[in-house]
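Please walk through the model below, region by region.

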Amino acid sequence: MATLVLTAVGTAIGGPIGGALGALLGQAVDRDILFKPKRRQGPRLTELAVQTSSYGTPIPRQYGTMRIAGSVIWSTDFVETEQEGGGGKGKPSQTSYSYSVSFAVLLSARRITGVRRIWADGKLLRGAAGDFKTATRFRLYLGDENQSPDPGMSAAIGFGATPAHRGTAYAVFEQFELADYGNRIPSLTFEVIADDAPVSPGAIAADLAVDVVDGTGAAGTLDGFSAYGDSVRGVLETLAVANGGGFAPLGAAIRFTADGAPIRTLEDRGDDTNARGGHHGVRAIAPIDTVPRTITLAHYDSARDYQTGLQRVRRPGAGVREERIEMPAVLSASAAKTMAAGALARAATARNRRTLTTGWDAADLTPGDVVTLAGEPGRWRIAGWRLKDFVLTLDLVRLAAAPIAIGADSGTGLPAPDLLNGPTIVHAVELPALDDAVLAAPRVLIAAGSAAPGWRGAALRYSIDGGTVWQSAGSVRAAATLGVVVIAPGVAPATLIDHRHTIEVTLADPSTSLSNAADALLDGGANLALVGDELLQFGRAEQIDAARWRLSRLWRGRRGTEAAIGTQAPGDRFVLLTPGTIATIEVPLAALGATVRVLAAGAGDTEAAAETEAPLTGASVRPPSPVHARAEALPGGDLQLRWVRRSRAGWRWLDGVDVPLAEEREAYRLTLAGTPERIIDANAADIVLPAAERPAVATLATITSVGTHGLSPAATMTLPAPEEE
C-alpha cells in the first residue's frame with residue numbers, strides 16, 4: 001500500500017536534496033515511510049492524463065484543484081438493450097442495439113471536497129453547472145473514513161464483499177450510455193477539487209511525510225498538485241524546485257524552508273585553524289557551460305482546461321545543454337515562466353561555491369541553513385558540514401536573488417465547449433405519413449429538444465393503456481427545432497400561397513435558427529412545420545430578436561390538415577419537421593380512439609422525464625377528405641354530385657392525371673342532413689340523385705372516402721332546393 005502516497009516528477013535543478021541531507025532524507029523517508037525506492041522515480045507529466053485500469057497502479061494524492069484521469073477499479077459487463085422499429089407495410093422491421101455499463105474510477109488517495117467538470121475522450125461529459133451530456137447515474141465518494149460501500153457495486157459484487165475504499169475518493173457511473181463513445185468506456189478525466197484554496201508546497205510535503213517533514217517554513221502556493229509515483233523523496237525534490245527552497249535537519253525530522261532571510265553572518269577564520277591542519281576559505285566557480293543554456297518547464301495550465309503548457313527561458317553565453325522540468329502542478333503561464341527563470345538563476349548562481357573554516361560558535365548550524373559572509377555580498381546555503389581534527393568546515397553554495405515575476409501567455413487553447421444540457425421538451429402527434437408510405441398501423445411522430453443548446457438526445461417510452469404498461473420506443477438523438485406560437489395565422493385557402501398572413505414564433509433554444517426556402521425547395525418538402533394541428537410550409541423566415549421569428553409566404557393545410565387552418569392560438573406548439581430529428585412509433589390498429597402517452601428521458605432530466613400525449617385519431621392510416629365537391633342540375637330535375645378523390649399515397653400529384661388508390665377499394669359515403677339522415681354509398685367519385693329523391697329544401701351534404709382503416713374527414717357542400725335552380 002506504500003505506493004498509494006508516492007510521487008516523483010521531473011528533474012530538480014540545483015539538487016535541493018544533496019550530500020548529507022540527501023542521505024538523511026533517504027533514511028528518514030525511503031526507509032521509515034516507504035519500501036526501498038524503485039528505479040523509476042515517477043511518471044512523465046502527460047501520464048496524468050491517461051486513464052489506467054492495471055492492478056497495482058499507484059494512486060495519486062491530489063492537492064488544490066487538478067485535472068486527473070484516475071484508475072478504473074471496477075466495471076460490469078456491457079448491458080445490451082434490443083429495440084425494434086419500422087415494420088410498416090411492405091417493409092421489414094429493424095432491430096437496433098444499444099449498450100451501457102457501470103464502472104468506478106479511483107481519483108485520489110486522500111480526501112477531496114468535490115468534482116466539477118468531467119471530460120470523456122476530450123469532450124465534456126459533465127459541465128461546470130453539473131449537467132451531464134450523456135445519460136448516466138453518478139455518485140461521488142469524497143474519501144471519508146466512514147464512507148459506506150457503493151450500493152451499485154454491492155449489488156454486483158455482493159453485500160459484505162464490497163470494499164468501502166475509506167480514505168480514498170472515487171466516482172461511480174451507473175448505466176453509462178456508450179453510444180456516443182463507440183460502445184466502449186471512454187477515457188475520462190476529472191476536475192478534482194482536493195482543497196478549497198491553493199496549497200503551499202510545505203503543506204504538501206508535510207502531508208506526504210507525516211512526522212518526518214516540517215513544512216511550516218516553506219513559502220508560496222500552488223493552484224494544484226498531483227503527488228504520484230514511487231518515491232516521496234522525488235516529490236520533495238520537485239516541491240523544492242517549485243518553492244525555490246531546500247531542506248534542513250530538525251532534530252530527528254526535516255524542515256522544508258524557502259530561500260529566505262539569513263540566520264547568521266559568518267567570518268572566515270582560516271588563520272586561527274591553520275596550525276591544526278586547517279586552511280583558508282576556498283572559492284570555486286564552475287564553468288558556465290555546466291549550467292543549462294535553456295530550461296523548459298512543463299505544467300498544467302488552468303487557462304487551457306489544464307492541458308500541458310510549456311514555458312521556456314534562456315540565458316546568454318556559452319553552452320548548449322537543455323533541461324526540462326516536469327512539474328505536475330497547476331500554474332498560470334506567468335507563474336510557470338517565473339518558476340523556470342528562478343530555476344535557471346539558481347543553477348547559474350550555484351556555480352559559486354565556498355569552503356569555509358569557522359569557529360565552534362557555528363557548530364549549531366546545519367545543512368540547509370542560509371547565512372551571509374562578513375564582507376561578502378549575497379546569501380549562501382550550507383550544503384555540507386564537516387568536523388575533522390577539531391576543525392569545523394562548511395561547504396557553501398551561493399543563492400540567487402528572488403526571481404522577479406515574468407509575464408507570459410498561455411497561447412491558444414482548444415477548450416471543449418460547455419453547452420448546458422437542460423430538461424427535455426417533447427411533442428407527439430399522429431399525422432399523415434410524411435414519406436408517402438401507405439401505413440398498415442397508426443404511426444405517431446415524436447420530436448424532442450430542449451431550451452438548452454447542449455441537449456444530446458433522450459430515451460423514449462410509450463403507453464397506450466393509460467400508463468399501466470410502458471414500452472421502449474428507442475431514442476431520439478438530434479434535437480428538433482421547437483417553439484411556441486406568439487402570433488397565430490388567420491384563415492386562408494389551402495390551394496393558394498398565403499401572402500396575407502404571417503406567423504410569429506419564439507424558439508425554445510435561441511441558438512437554433514430558421515431559414516428561407518425557394519418554391520422549388522418547398523415543393524420538395526423543405527420548411528415543413530407543425531403549427532398547432534396544421535401542417536404548413538414557409539418560404540421566408542425573418543429573425544426579430546434572439547429567439548423570435550416571423551414566418552411568411554405560407555403554404556397552408558399541407559397533407560390533408562386544411563381543417564386545422566385558422567385554429568391556432570398563442571402558446572400552441574411549433575415543430576420544424578426536419579429529417580433526422582423525428583422518431584416514430586407504430587401502434588396496433590386496435591388502439592385507434594385511445595391516447596398514446598410518451599415519456600422522453602435525457603441526461604438533463606434530473607427531476608423527471610418529459611411527458612406528452614397524442615390522441616390516436618387514425619390520421620396516419622385513413623384517407624384524406626375528397627375535394628372540389630360540386631352539384632350540377634341535369635335536364636329533367638336530376639342532380640349530379642361530383643368530387644375529386646385524394647390519396648394518402650400521392651400528395652404531390654406527380655402525373656397530373658390521377659393519384660394512387662392506396663386503399664383496398666374505391667368507396668365513398670354520402671350523408672344528407674335531415675331527420676333522419678340519409679346515407680348513400682358509392683364506388684365512384686360522382687352520384688346522380690334522381691329528381692324524385694332530391695330534398696325539397698337546401699340540404700347540407702357530407703362526402704367521406706371509405707378507407708381500409710376508416711373513414712376520411714368529410715368534405716361538405718350544399719344541395720340546392722329544386723326551385724332555386
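Alanine 662 sits in the loop that links E37 to E38. Its phi is near 65°, a positive value in a residue other than glycine. Most residues other than glycine have a negative phi, and most peptide bonds are trans. The model is a predicted one, and the values given here are computed from it.

The next loop feature concerns a peptide bond. Threonine 675 and proline 676 are joined by a cis peptide bond, with omega about 0°. Proline 676 belongs to the loop between strand E38 (668–672) and strand E39 (678–682).

Strand E37 (residues 639–644) contains leucine 641. Leucine 641 counts as buried because its relative accessibility is 0%, and buried means under 20%. Leaving aside residues up to four places away in sequence, leucine 641 is in contact with Arg630, Ala631, Leu670, Ala685, Asp686, Ile687, Met717 and Leu719. Arginine 630 is 11 residues from leucine 641 in sequence, and the two C-alpha atoms are 5.9 Å apart.

How do E37 and E40 run relative to each other, parallel or antiparallel? They run antiparallel, joined by 4 bridges. Arginine 642 has aspartate 686 of E40 opposite it. Strand E40 (residues 686–689) has two faces: Ile687 and Leu689 make up the covered one, while Asp686 and Val688 make up the uncovered one.

Some wider figures for the chain follow. The chain has 7 helices and 43 strands. Of its 725 residues, 49% count as buried. Among contacts between residues at least 6 apart in sequence, 69% join residues at least 24 apart.

Part of the strand content forms a barrel. Here 6 strands close up in the order E27-E28-E31-E30-E29-E32, with antiparallel pairing. From one strand to the next, the twist averages 45°. Within the barrel order, E30 and E31 are neighbours. Strand E30 (residues 534–543) pairs with strand E31 (residues 548–555) in the antiparallel sense, over 6 bridges. Opposite arginine 540 stands serine 552 in E31.

Another group of 6 strands forms an open sheet in the order E14-E20-E21-E22-E19-E15, and its pairing is mixed. At the edges are strand E14 (264–266) and strand E15 (282–285), each of which pairs on one side only. The twist in this sheet averages 35° from one strand to the next. Inside the order, strand E20 (residues 370–373) pairs with strand E21 (residues 379–388) in the antiparallel sense over 2 bridges. Valine 371 has tryptophan 380, in E21, as its bridge partner.

Turning to the helices, helix H3 (residues 201–208) packs against helix H4 (residues 232–243) at an angle of about 170°, and their axes are 10 Å apart. H3 is therefore roughly antiparallel to H4, since angles over 145 degrees are counted in that way. From H3, the residues Pro201, Ile204, Ala205 and Leu208 meet Val232, Val235, Leu236, Leu239 and Asn243 of H4. By class, the residues of this contact divide into 8 nonpolar, 1 polar and no charged.

Two further loop residues lie on either side of strand E8. Threonine 168 is in the loop between helix H2 (151–157) and strand E8 (169–177). Is threonine 168 buried or exposed? It counts as buried, because its relative accessibility is 11%. A polar atom of the threonine 168 side chain lies 2.7 Å from the backbone oxygen of histidine 165. Threonine 168 also touches Leu106, Ser108, Ala109, Tyr141, Gly143 and Gln147, with residues up to four places away in sequence not counted.

Asparagine 183 is in the loop between E8 and strand E9 (188–193). Although asparagine 183 is not a glycine, its phi is positive, about 55°. With a relative accessible area of 33%, asparagine 183 is partly exposed.

Notes:
Residues numbered from 1 in each chain as written. Predicted model: local features only at pLDDT ≥ 70, side-chain atom pairs only at ≥ 80, totals over all residues. Heavy atoms only, no water. Pairing = 2+ DSSP bridges. Axes fitted to C-alpha atoms, helices over the stretch in contact; angles between N-to-C directions. Buried < 20%, exposed > 50% of the residue type's maximum accessible area, 1.4 Å probe, protein only. Polar contact = N/O pair within 3.5 Å; in protein donor to acceptor, adjacent residues only side chain to side chain. Contact = heavy atoms within 4.5 Å. Parallel < 35°, antiparallel > 145°, perpendicular 65-115°, else oblique. Nonpolar A, V, L, I, M, F, W, Y, C, P; charged D, E, K, R; others polar.
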